[in-house]
Amino acid sequence: METPRPTPASEMALPLIGKHLVYEIEGLGIYEAYYQSHDRIVYKIHGGPMKGRSAYQRAFYQHIGQDTYMVSWIEETGTTVTTVVNLQAKTVNGFIAFSAGHWTRNTEAHGDKRDLEDLERWRELSKVGNSTTDRHPKPVRAKILEIFDGPGDLLPVSEDMPVF
């Protein structure tokens, strides 16, 4: 008898796919995220030092508990993000390791990734400082304010759009 293969964590994250969250990160303001597909997240930042940034990333999902998902991505700015979304508790917790360029020149990280001029500027931010040691680490806690299905006002992305 063949042993059944375990379900990959990304497949178990399917209940999160298609959800749109609006949440407030302590000290960083209002964020919204649309978990568009098994490997894409679309988001917009409405407050704090990153206010005015609209982007999408290649995301990695893991189901880690009942209604709880870990979502991670690396941005073109060199920033690394890991969040834990708990739909039942309505919380988002995580860790952001801002690159030196993203943190110290944050106004240059504003804009929309779909604009190639913004994307190129963001890519240059990843080259500021030492990518290993020049980081601004930020643990984050957020309360989810809204949960709904679909992109809302966020623009969905196609799979062929540049990630980096």
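Start at aspartate 67, which is partly exposed, with a relative accessible area of 29%. Here, buried means under 20% relative accessible area, exposed means over 50%, and partly exposed is in between, using a 1.4 Å probe and protein chains only. This is a predicted model, in which local features need pLDDT of at least 70, side-chain atom pairs count only at pLDDT 80 or more, and totals for chains, interfaces and linings use all residues. Residues are numbered from 1 along each chain as its sequence is written, and side-chain values use heavy atoms, with hydrogens and water left out.

Back to aspartate 67, then. Aspartate 67 sits in the loop between E5 and strand E6 (68-74); strands (E, at least two residues) and helices (H or I, at least four) are DSSP runs numbered from the N terminus. The phi of aspartate 67 is near 55°, a positive value in a residue other than glycine. The hairpin of E5 and E6 has 2 residues between the strands. Those two strands pair in the antiparallel sense over 5 bridges, where pairing takes at least two bridges found by DSSP.

Another loop is worth a look. Lysine 90, in the loop between E7 and E8, also has a positive phi near 55° without being a glycine. Lysine 90 is partly exposed, with a relative accessible area of 42%.

Now for the sheet itself. Strands of a sheet pair through backbone hydrogen bonds, either parallel or antiparallel. In this model, 10 strands form an open sheet with mixed pairing, in the order E5-E6-E7-E8-E10-E1-E2-E3-E4-E9. Strand E5 (60-65) and strand E9 (111-112) stand at the edges with a single partner strand each, so one side of each has no neighbour in the sheet. Elsewhere in the order, E1 and E10 pair in the antiparallel sense over 7 bridges. Lysine 19 stands opposite aspartate 149 in E10.

What about empty space? Rolling a probe the size of a water molecule over the atoms shows where empty space is left. A search of the whole structure finds 1 cavity of 30 Å³ or more. On a 1 Å grid over the protein atoms alone, a cavity is a set of points where a 1.4 Å probe fits but cannot get out, and lining residues have an atom within 4 Å of a point. Grid points are joined across faces, edges and corners, and the volume is the space filled by probe spheres set on the points. The largest cavity holds about 150 Å³ of space. Its lining is made of 17 residues, with Tyr31, Trp73, Glu75, Val81 and Ile96 nearest the centre. Two or more lining residues come from each of strand E1 (19-25), strand E3 (40-45), strand E7 (80-86) and strand E8 (91-99). E8 gives the most, with 3 residues. By type, the lining divides into 12 nonpolar, 3 polar and 2 charged residues. In that tally, Ala, Val, Leu, Ile, Met, Phe, Trp, Tyr, Cys and Pro count as nonpolar, Asp, Glu, Lys and Arg as charged, and the others, Gly among them, as polar.

On to the charges. Side chains of opposite charge can pair when their charged atoms come close. The whole structure has 12 salt bridges, each being a side-chain nitrogen of Lys or Arg within 4 Å of a carboxyl oxygen of Asp or Glu. Arginine 40 takes part in a salt bridge with aspartate 39 (3.5 Å, N to O). Arginine 40 is buried at 5% relative accessible area, and aspartate 39 is buried at 16%. Arginine 40 also meets glutamate 159 in a salt bridge (3.9 Å, N to O). Arginine 40 lies in strand E3 and glutamate 159 in the segment after strand E10 (135-149), so this pair ties together parts that are 119 residues apart in sequence. Glutamate 159 is partly exposed, with a relative accessible area of 41%.

Finally, helix H3 (residues 116-125). Asp118, Leu119, Trp122 and Leu125 are buried there. Seen down the axis of H3, the buried residues fall within an arc of 110°, so they line one face of the helix; the arc is that of the directions from the helix axis to the C-beta atoms. On the other side of H3, Leu116 and Glu117 are exposed.

Key. 1 Å grid on protein atoms, 1.4 Å probe; cavity = no way out; pocket = protein on both sides within 12 Å on 5 of 7 lines; lining within 4 Å.
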